[in-house]
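The following report is written for a reader who wishes to follow computed contacts and geometry alongside the coordinates. Please keep the sequence and the model in view while reading.

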Amino acid sequence: MSQIAIEEMYAELGISSRVLAFGQEIEQKLLPRFAEIQKNAEYNQLKVIRAMQKCRVSAECFQSGTGYGYDDIGRDTLEEVYANVFHTEAALVRAQITCGTHALAVALAGNLRPGDELLSVSGKPYDTLEEVIGIRPSRGSLAEYGVSYRQVDLLADGSFDFPGIRAAIRPETRLVEIQRSKGYQTRPTLSVQAIAEAIRFIKDIRSDILILVDNCYGEFVERQEPSDFGADMVVGSLIKNPGGGLAPIGGYIAGTRQCIENAAYRLTSPGLGREVGASLGVNRDFFQGLFLAPTVVAGALKGAIFAANIYERLGFKVVPDGTEERHDIIQAVEFGTPEGLIAFCEGIQAAAPVDSYVTPEPWAMPGYDSDVIMAAGAFIQGSSIELSADGPLKPPYAAYFQGGLTWEHAKLGILRSLQRLAEKGIVSLEEL
Ligand SMILES: *Cc1c(COP(=O)(O)O)cnc(C)c1O
């Protein structure tokens, strides 16, 4: 039997020869950059394997704990592995941490006390943190517990406002938050180098100020993490980068022993801390996901760069631009109209292995102040290390595109999105 040509398979998946040829042309030009990304993946893969060997990960670690979860060797070893990977004293990596927002809330609430001030030095924090902090009044917020909040915006070019930071630090400033990734903003993502500089600057002013980095979407993009440069805590979600697509839930906090203990007392209970929290069968997925994470992140990065170059050529504003160095796996594309944003998300959805036949619709999401459209045909619900796109239905109608467990799937998704925009007459294939 003759095999089907790859062009024919693309055609069956809804990609015209015109769109495919355009994609191949863009891909060819990106091959040298892709090779660099693979080099980083190799480095980070070795880092993870080295940590797993050092911590003597064994088949016993994959057994499932129930009940209180005392002495869960898999959970405890996993936390040791995370601490090794992030070069911190300790880590809290739990299924009981429900998401990234929860991990951040636990890290903040566990380490702040009434009368303390939280200072964000990277401008407005991620949308869902507004309610955690109490920027938008919310029941149970840090504000209700007497923690005040201030922020120093980034400068127009996306760099830290060092004089502004110096002026904002007061005796009650207890914790500084730095958000690595842009989130739902169009500012540039901060490099680990830039974050390292800010950490040094702040610690020089007052060494007792705790520094927390919201590390979401940044893990394994570079060879070093903010914790390599003195961050007291790095925090993220396991259904993003470090879960490698296999973690079905969870979050992590890696940092100093003191900070991690404080967070653990908040997550479970004063007095109990890290000693409780049954692993309920997720250990193997957590280990295996972390093992895969460096190469999964590499595939997602290639997809992000591919998307940037495709949409830049079509005249849309993309952040980061097609040539910029990468510090996270998110790609923003500004469509300027709701129709463009919606068509893009429809295309991503149509390329998915799961739920490819459903049409994403904008809806009101808890934690967000406008309708949000989300495209995700994921094995793990809501996972954004899997190929996904989302964006708030408000100007500049930017789609935030991320993930792809494999580069090949990311490529298909981006081509399908382009096809959808062409079908709707938003872009003209004749100009390609
Ligand atoms: C995703 C994200 C969060 C919140 O994580 P959830 O798992 O969605 O709660 C916080 N900060 C940043 C920068 C993020 O990207």
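## Aromatic pairs

The count of aromatic pairs comes to 15, where rings of Phe, Tyr and Trp (its six-membered ring) pair if their centres lie within 6.5 Å, with planes under 30 degrees apart taken as stacked, over 60 as edge-to-face and the rest as tilted. One of these is the stacked pair of Tyr-82 and Phe-86, with 6.1 Å from centre to centre and 25° between the planes. Both residues belong to helix H3 (residues 73–86), where they are four residues apart, about one turn of the helix; helices (H or I, at least four residues) and strands (E, at least two) are DSSP runs, numbered from the N terminus.

## Basis of the model

This is a predicted model, in which local features need pLDDT of at least 70 and side-chain atom pairs count only at pLDDT 80 or more, while totals for chains, interfaces and linings use all residues. Residues are numbered from 1 along each chain as its sequence is written, and side-chain values use heavy atoms, with hydrogens and water left out.

## The sheet and its helices

Seven strands form an open sheet with mixed pairing, in the order S1-S7-S6-S5-S4-S2-S3, two strands being paired if DSSP finds at least two bridges between them. Strand S1 (90–94) and strand S3 (148–151) stand at the edges with a single partner strand each, so one side of each has no neighbour in the sheet. From one strand to the next, the twist averages 20°.

Strand S5 (residues 210–214) and strand S6 (residues 233–237) run parallel and are joined by three bridges, and Asp-214 stands opposite Val-235 in S6. Helix H4 (residues 100–111) packs on the sheet, touching strand S2 (117–120), strand S4 (173–179), S5, S6 and strand S7 (251–255), and its direction makes about 155° with that of S6. Here contact means heavy atoms within 4.5 Å, while axes are lines fitted to C-alpha atoms, for helices over the stretch in contact, with angles from 0 to 180 degrees between N-to-C directions. Helix H7 (residues 192–205) lies across S4 and S5, running at about 160° to S5.

## Salt bridges

The whole structure holds 22 salt bridges, each being a side-chain nitrogen of Lys or Arg within 4 Å of a carboxyl oxygen of Asp or Glu. Among them is that of Glu-25 with Lys-29, whose closest N and O atoms are 3.4 Å apart. Because Glu-25 and Lys-29 are four residues apart in helix H2 (residues 17–54), about one helical turn separates them.
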